[in-house]
Amino acid sequence: MLGYLARRVAMTLPVMGVVALIVFALLHLAPGDPASIMAGDAASPAELAEIRARLGLDAPLAVQFVTWLGQILQGNLGLSLHSHKPVAEMIGSRLGPTLSLAVATVTVSLLVAIPMGVYAAWRRGRLSDRLVMAVAVLGFSTPVFVVGYGLIYLLSLKAGWFPVQGFTALTIDPIRFLRTATLPTLTLSTVYIALVARITRSSVLEVLGEDFVRTARAKGVPEARIVLRHALRNAAVPIVTVVGSGAAFLIGGVVVTESVFNIPGLGRLVVESVLARDYPLIQSLILLLSLVYILINLAVDVLYTVFDPRIRY
Amino acid sequence: MSALTTTGSPPHHGGRRFLPRGHGLSACAALVLLVIGLSALIGPLVIAADPLHIDPVNRLKLPSAAFWFGTDAMGRDVFARVVYGARTSLLVGLASAALSLVLGTLIGLLAGYFRLLDGVVMRVMDGIMAIPSIVLAVALVAVTGANLGTVLLAIVLPDFPRVVRLVRGVILGLRQEAYVEAAISLATPTWRILLRHMLPNTLAPLIVQGSFLVASAVLTEAVLSFLGVGLPPEVPSWGNVIAEGRTYFQIRPGLIFFPGLFLALTVLSINLIGDALRDALDPKLATRR
Amino acid sequence: MTAPAPAEVLRIEGLTVSLKATGQPTVADLSLAVRAGETLCVVGESGSGKSVTSLAVMGLLDPAALAVTAGRITVDGEDVLAASPEQLRRMRATRMSMVFQEPMTALNPVETVGAQVEEVLKVHGIGDAAARRRQVLEMFASVHLPNPERIHASYPHQLSGGQRQRIVISMALILRPKLLIADEPTTALDVTTQRQILLLIRELQERFGTAVLFITHDFGVVSEIADRIVVMNRGRMVEIGSRDDVLARPSQSYTRMLVASVPSLVPPERAPGGGSEVLTVAGLAKSYGQTRGLGGILRRKAGVAALHPTDMRLARGEILGIVGESGSGKTTLARCIMRLVPPSSGSIRLDGTEIAGLSNAALRPHRRRLQIVFQDPFRSLNARMRVRDLIAEGPLNFGVSREAAYARAGELLERVGLSREMLGRFPHQFSGGQRQRIAIARALALEPDVLVADESVSALDVSVQSQVLALLRGICDESGVGILFITHDLRVAAQICDRIAVMRRGEVVETGTAAAVLAAPTHPYTRELIAAAPGRGWNFAEFRAEPQAAAL
């Protein structure tokens, strides 16, 4: 088990390396000289030279990359070009809202989606199955911001149940947190629920076609037990896989949702940094979000061994 | 169940099973898509209103006979902007999906067949896929400056590794197939094995994947514009129209809902057709009901 | 049969099962009965409807594809077709139960086998947890599983095929059902394991007085276990009778043909032929390393030897049989010789040319002289290509003009017993046997010196099998091609091979002429293999029992 974990962690290293390379290349992909991009149009030659020297831009690219990576690995993410505050500090102050939103979304999604998918698989081909799946496709197809504005329009503007925008942290006022976090959570959950419900249905259906399900029927196991005990457990691996890869949708959704609801989280910070062309901040955010995604999928790989005894590397 | 496989003709999993389910739905989806596609194609030729015409007198009008979807903050006709926007959105969707498919298939074929290439290529693809796609796209456009080319790049770069992975998976599976080994034994050149014996098998999954790529590309373009890093604001795209409507959403929700509705309908229709294609082309899933 | 006949356990009257899509019957008007303690064998080739019949008795037909359109099935007096789903569920495992062909897939991979057998008791409301566990452990002992406690906690993938089949059998018999349906229960197993499983079923049947409906395609198995036999063809019953009646005095020509097609274990008289040596294998070995990609840095294990250093010689016009059970290394040997996998060491000399170490590019011109026919004719032909393009592919690769290659394809198609008109068709328009003929024609198109036949007749029905064997023998005698014939089936090897090499665990344990190896085996493993071959007590070709060899 420990050996497996060590191997899996080792396998993420090259992936992280590629991510770092892409993030590094991003700055050099831009037309023109990174120094003038960073300094802005109005910079004097002296300022440019100063930035150049500070960033080591005169060194060969490979050396620059290694230097940059070394800094990052030491936890030195640099200073924001605009606020001149440490990037790490800026990111830290935005973590809370995003984290609470993400945890709430994953919890709500799994609680809704898995029963939905199992139910659809059990009622396969019938009206209820089609209805559930139609809702899932709809959820998957409606853009996050349309869902968000739709919810605001109906539940905030018309019904007046929730505030239109803003965010209160759980630690400050739990009641206000619930009021402000409900709509963003619902918004973020639509895609995730659709994704997980669909894969649950199709994996359960696929397992139901396996030979051992026929064996179970032949020994007189009731259909409900076949679906819940035999099929769902065997379908766990693909479901967990999608929960993991769906985290990418979740992160993308956070960026949009936080903009719609004006929540001061990481997603908004991404948009702000991009609009301000705050390169050190952009680079750090991409690295961080990718790392989160990689770690989630690492956790998923470890979960495989819990659900499937055959996977013991 | 050997009896069943020998009585039937080839593994055409005849329409009977999947036709009743959702057939009407996918026909509707095709119709909706056709209407939206046609209006994107000929709409601009037919409607008189200019999507760029600024008219300060008619700011933020409600929908009426003159302005079907009302007007925006600059008095521009929202209906015209939505129709012209369909053009941009569908163009971006189709072009980026096509690019992803071509690029992904090419790399996937090579990675799947040549083991030496496989390790390196797939690590790079894993790396790209590890960056959440919206974040990567936003950052790319921000760095390179927004125009049609960079928006396409921003959509294709995060998407094409999925095609690579799909094609590579199919090819890896085929390497073990007896008929491919037979071709190797017949001294068939590698390029011919790839093109003649392997590539056709990737077609069905690629068509399905392609439809989902179009849907996701249309969405991504809208998200980019919505966040303010997409195509230049004067270009009428659905995302831009929605982005501009944000300020006045509380008094004129139609500014977001009209283009949003078209966007959702388009993506929904493409996804439904993708589902129907998968049911028709992937016998493994089609038989499971 | 002087004592009063035991009670009928299963009775099928006028059973018709039809495809829902077309209404076409897959089983038509079938009637039979099985008594307590009796074994009724249902024999037939693929498409005979024998499996559909067994599923119908269990009430397990796929409701989307098949429906019973006429007839009655009663098990222990209870009408199966009239039962509600809940009644049917209660009848399963208590009155009737089933053992399936594939022990690999018949068990839930993510639950321990102990829990899966206990589930039978649980869903039928028997005992508390402790009692159920005790009963399962007893049952494991009854099916002779070693160390029942350890097996109880094992997952299916940790057990061998034979052990898994014993688990499935305990599952089927733990509630002492009156009827056991065994659908090709030993087909996926090696012969030595097959023998043990057949003995086990017999033993439990005698102990519990179970009626057994045994579905099989293998007349060897039938001759050993059947009390009575039903022969089926295309959904209809051809003949029913006692074992000796059907095997010794078949009343129908179809039955006659089937029985006579069973290859004999005694090789036919054959002049010691064989020309000059065409293939010489020396010290050929293959081990599979366990490295993978970048992760391999951390997990490089010692290679697993699939093939120990092996020597072998093949002459022109000779058929050399490589016989072995699964895991014997016979297929690895074939794939190394074909250079479909790179050998780890050793030499392969093809008519004097060393090909073991050649690069893929250098090997290409020599590929022409070395061709292969695979096991599964449904997978070895590209479904998207027409027959003429399939057969012409090799010659086209070697620069033959398209017209010449197509003309040659026509000739070859006729040589393998098909007609020239079929050139424009696609593989799916052919039966399995016809496809295998096409695969042979494709291999012959390059006029090879050596032909490797890797289990080439194993997927075919017995009647088709004998035709394809005759075709291969004829081609060998006629063209002088040397054939390396890989098989797990001693009967087939006896029929076609000049010499036989017996393999076990990656090594050749015995080589000799077919007659010598089969009649006077020197290695104990060869003797074990021959002893395990089912149906040694019967001479099928001459429709009589063979007195010298004892039955099971």
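In the predicted model, C:E8 is partly exposed, with a relative accessibility of 32%, and C:R35 falls in the partly exposed class as well, at 29%. The side chains of these two residues are joined by a salt bridge, with an N to O distance of 3.9 Å, which lies inside the 4 Å limit of the criterion. C:E8 belongs to strand β1 (residues 8–19) of chain C and C:R35 to strand β2 (residues 25–35) of chain C, so the pair ties together parts that are 27 residues apart in sequence. The pair is also part of a network of salt bridges that links C:E8, C:R11, C:E13, C:R35, C:R72 and C:D79. Over all chains, a search of the whole structure returns 46 salt bridges.

In the salt bridge between C:R313 and C:E277, the closest N and O atoms are 3.3 Å apart. This pair links distant parts of the chain, 36 residues apart, with C:R313 in strand β12 (residues 304–315) of chain C and C:E277 in strand β11 (residues 277–288) of chain C. The relative accessibility is 49% for C:R313, which therefore counts as partly exposed, and 38% for C:E277, which is likewise assigned to the partly exposed class.

With regard to backbone geometry, most residues other than glycine have a negative phi. Against this background, C:R176, although not a glycine, has a positive phi of about 50 degrees; C:R176 is located in the loop between α6 (161–173) and β7 (179–183) of chain C and is partly exposed, at 44% relative accessibility. A positive phi of about 50 degrees is also found for C:E184, again not a glycine, in the loop between β7 and α7 (191–208) of chain C. C:E184 is buried, its relative accessible area of 7% being under the 20% limit for that class.

Turning to the interface of chain B and chain A, the contact draws 49 residues from chain B and 51 residues from chain A. About 4300 Å² is buried between the two chains, and 76% of this area is on carbon and sulfur atoms. Across this interface, the rule identifies 1 salt bridge, which is formed by B:D275 and A:R198 with the closest N and O atoms 2.8 Å apart, and 3 residue pairs in polar contact, both residues being at pLDDT 80 or more. On the side of chain B that touches chain A, at least two residues each are supplied by α4 (115–130), α5 (133–144), α8 (190–226), α10 (254–281) and α11 (283–286) of chain B. The largest share of this side, 11 residues, comes from α10(B). By residue class, the side of chain B that touches chain A comprises 33 nonpolar, 7 polar and 9 charged residues.

Note on methods: Residues are numbered from 1 along each chain as its sequence is written. Chains are lettered from A and ligands numbered from 1 in the order in which they are written. This is a predicted model: local features need pLDDT of at least 70, side-chain atom pairs count only at pLDDT 80 or more; totals for chains, interfaces and linings use all residues. Side-chain values use heavy atoms; hydrogens and water are left out. Contact means heavy atoms within 4.5 Å. Buried area is the accessible area (1.4 Å probe) that two parts lose on being put together, summed over both. A polar contact is a pair of N or O atoms within 3.5 Å; within protein, one must be able to donate a hydrogen and the other to accept it, and residues adjacent in sequence count only if both atoms are side-chain atoms. Helices (H or I, at least four residues) and strands (E, at least two) are DSSP runs, numbered from the N terminus. Ala, Val, Leu, Ile, Met, Phe, Trp, Tyr, Cys and Pro count as nonpolar, Asp, Glu, Lys and Arg as charged, and the others, Gly among them, as polar. Buried means under 20% relative accessible area, exposed over 50%, partly exposed in between (1.4 Å probe, protein chains only).
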